[in-house]
Amino acid sequence: VNQSSMAFFIRCCMRTSAQKPLQRPPAFQQLDSSDDDLISRRGQSPHYSQATLFEAAETNDSEEVRRHVAWGFDVNAIDPEDGYTAALLAAESGNLASLEELIAAGAALDAKDSFGRTALYAAAVA
């Protein structure tokens, strides 16, 4: 199964469970000039971390997910405690906008957490 097939399946599952029409992910817009310093430091801001990417994905803050991607955070990073990825958290929480941002950034949808779950599985049962 390729990445685009998995992404389509996830969107369909989440649409069915949320009963919302499919929307295209927001375009990756140019970040404003106030973000230039943060981008050049590639995730070195004390206010942002891999944990804040996980939080943004889980709470459906797609704008923050997009900013984390632009700052250079790894969309495929694995939480050391439970093995979660940002895509799994977004799918499990039913957060389509965040999940679409992560998919657009190349998030792996078949990465397993410590319980053997993937984003694809989480979307199917959400």
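Val125 belongs to helix α7, which spans residues 119-125, where helices are DSSP runs of H or I with at least four residues, numbered from the N terminus. This is a predicted model, in which local features need pLDDT of at least 70 and side-chain atom pairs count only at pLDDT 80 or more, whereas totals for chains, interfaces and linings use all residues. Residues are numbered from 1 along each chain as its sequence is written, and side-chain values use heavy atoms, with hydrogens and water left out.

**Val125**
- Val125 is exposed, at a relative accessible area of 53% (exposed means over 50% and buried under 20%, with a 1.4 Å probe and protein chains only).
- Although Val125 and Ala91 are 34 residues apart along the chain, their C-alpha atoms are separated by 9.3 Å.

**Helix α3**
- In α3 (residues 50-58), the buried residues are Leu53, Phe54, Ala56 and Ala57.
- These residues lie on the same side of α3, because they cover an arc of only 165 degrees around the axis, taken from the directions from the helix axis to the C-beta atoms.
- Just after α3, Asn60 adopts a positive phi of about 60 degrees.

**Nonpolar core**
- The largest nonpolar core contains 23 residues, and Ala87, Leu99 and Leu102 have the most contacts inside it; such a core is a set of buried Ala, Val, Leu, Ile, Met, Phe, Trp, Tyr and Cys residues joined through side-chain atoms within 4.5 Å.
- Two or more residues of this core come from each of α3, α4, α5, α6 and α7, and α5 gives the most, with six residues.
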